[in-house]
Amino acid sequence: MTVRMTPVLPPGVEAGRVVEAVLADLRSGRHRGIVVDSPPGAGKSTLVVRATIELAAAGEPLIVIAQTNEQVDDLIARLVTDAPELLVGRLSAADYVPSERVSAPGTVRVAAKVADLGGSAVIIGTAAKWATVADGSWPWAIVDEAYQMRSDALLRVASRFERALFVGDPGQLDPFSTVETSRWTGLTWDPMQSAVAVLLRHNPDLPVHRLPVSWRLPASAAPLVAEAFYPFTGFRAGTSGPDRVLSLTGPGDGGPADAAVDLAAATGWALYELPARHTLRTDVEAAAACAALAVRMLERGAVAVSERARSGAPVDATRIAIGAAHRDQVAVIRSMLPASAAGVTVDTANRLQGREYDVTVVLHPLSGRRDATAFHLESGRLCVLTSRHRHACLVVARAGIPELLDAHPSTEPVHLNVPVRFPDGWEANQAVLARLPVVRP
């Protein structure tokens with residue numbers, strides 16, 4: 001029997017074929033909706049910008065719906081760079097103050113009303129702002145970060161367009177609410193489901209494309225993140241091991257923090273495991289460890305070699321981020337950073353979503369806890385925290401998390417008609433912790 005081996009395509013070719021298939025579906029006009037699933041750093045924004053330019057060039061007026069003002073401004077900046085001749089309208093609140101990247105180009109107009117943006121080839125705004133628009137319709141809409149969008153937000157804007165492209169990452173954080181939502185649980189239009197989840201439940205025949213390559217995550221990270229958070233779709237890194245090198249130019253002091261920094265630079269990962277202990281949420285020792293690891297990375301003069309900087313680029317404070325689950329944890333960590341590290345980003349997973357750094361430090365959501373709540377077990381939270389880096393990720397946690405997971409099986413009620421979420425938090429956490437090399441102080 002002859003076994004035929006399927007040739008492995010270069011990452012760029014494989015990703016390019018999927019992008020071309022998406023654009024072909026757009027041009028055909030056969031579908032009212034097209035969904036594109038993407039792993040972290042797979043080029044979602046690049047696809048959104050390219051699709052926007054192609055539709056605008058074909059004379060198709062369109063709108064772009066993002067979830068935050070930061071995402072809107074990022075897309076506008078990309079459009080201005082890639083298509084400087086394109087007339088872009090920025091739909092905003094009345095008190096919005098345009099950032100420099102939006103106000104500087106002469107082809108971008110900013111207004112609080114659609115009527116004041118006449119002549120724009122594309123109008124971009126947040127979902128919340130589009131929900132206030134009562135008049136007008138467009139042939140096309142592009143919804144960016146569609147998995148962050150609640151289904152009720154989609155219903156409020158659906159009458160504004162005829163066809164739509166939905167682009168997002170199914171492994172990241174789900175939409176959230178500060179009010180009780182149990183009354184809608186199990187309904188097919190449950191507003192706490194993502195826009196994509198409800199769309200596909202009611203329109204199962206819509207085409208779904210999957211971007212197969214992460215251009216952000218290095219070869220050391222893509223297999224771990226894919227196995228833990230994308231077990232049924234998977235993806236691979238767009239670069240190989242030699243393409244990404246993190247070197248330390250300064251000497252170490254022999255301490256455990258330096259050992260963790262050395263390990264992360266060499267392998268891409270390090271688990272800085274503190275002694276097992278139940279602590280307050282604002283665990284001072286864990287917060288200090290997060291700050292110390294970021295500071296030592298700076299003091300050691302880390303240099304990142306990549307496809308963007310073949311001769312190496314210094315990893316300064318702006319290229320390092322520290323992530324945590326709660327705002328009070330963020331505040332404690334930030335207070336422990338010296339002035340020399342003031343440029344380090346310290347934020348929650350929700351606010352780090354969509355951003356990218358050379359090195360990240362993560363305070364594990366379950367570190368020091370007595371219980372394993374649904375909030376701390378949400379796989380999307382850990383996925384965001386462990387997928388922001390281009391070179392290395394250092395995780396800070398107290399020992400005993402696997403035992404905590406084993407001792408606290410799921411107590412969340414099971415509801416009829418609620419799709420099962422994969423992977424669940426137990427499986428994802430165990431998969432991550434089993435693969436991380438450990439340094440103990």
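Here's a quick briefing on the fold, the cores and a few local spots in this chain.

This is a predicted model, where local features need pLDDT of at least 70, side-chain atom pairs count only at pLDDT 80 or more, and totals for chains, interfaces and linings use all residues. Residues are numbered from 1 along each chain as its sequence is written, and side-chain values use heavy atoms, with hydrogens and water left out.

**Overall build**
- The chain has 16 helices and 19 strands, taken as DSSP runs (H or I of at least four residues for helices, E of at least two for strands) and numbered from the N terminus.
- Its radius of gyration is 22 Å, close to the 22 Å that the globule rule gives for 441 residues, so the chain is as compact as a globular protein of that length. That radius is taken over C-alpha atoms, and the rule is 2.2 Å times the number of residues to the power 0.38.
- Along its principal axes, the C-alpha trace spans about 70 × 65 × 55 Å.
- Of the 441 residues, 51% count as buried (under 20% relative accessible area; exposed is over 50% and partly exposed in between, with a 1.4 Å probe and protein chains only).
- Take the contacts (heavy atoms within 4.5 Å) with a separation of 6 or more: 75% of them come from residues 24 or more positions apart.

**Nonpolar cores**
- A nonpolar core here is a set of buried Ala, Val, Leu, Ile, Met, Phe, Trp, Tyr and Cys residues joined through side-chain atoms within 4.5 Å.
- The largest one has 38 residues, and L246, L293, I322, L394 and V396 touch the most other members.
- Elements that each supply at least two residues of this core include α9 (256–267), β12 (269–274), β15 (320–324) and β18 (389–398). The largest share, nine residues, comes from α10.
- Leaving out residues up to four places away in sequence, L246 touches A265, M297, A302, V303, A304, V315, V359, H391 and A392.
- Apart from this core lies another, of 37 residues, with A221, Y230, F235 and A321 among them.

- An open sheet runs β16-β15-β17-β18-β12-β19 with parallel pairing (two strands pair if DSSP finds at least two bridges between them). Its edge strands, β16 and β19 (438–439), each pair on one side only.
- Six bridges link β12 and β18 in the parallel sense, and A270 has L394 as its bridge partner in β18.
- In α11, the buried residues are Q329, V330 and I333. Seen down the helix axis they fall within an arc of 100°, so they line one face; the arc is that of the directions from the axis to the C-beta atoms.
- Those buried residues pack against α10, β15, β16 (345–348) and β17, while the face turned away carries the exposed R327 and S335.

**Around β7**
- Six of the eight residues of β7 (161–168) are buried, so this strand is largely enclosed by the rest of the structure.
- β1 (33–37) runs parallel to β7 and is joined to it by five bridges, with G33 opposite A164.
- β6 (138–144) also runs parallel to β7, through six bridges; V143 has F166 as its bridge partner in β7.

**T239**
- T239 sits in the loop between β10 (236–237) and β11 (245–248) and is buried, with a relative accessible area of 10%.
- Beyond its neighbours within four places in sequence, T239 is in contact with L217, P218, A219, R244 and E307.
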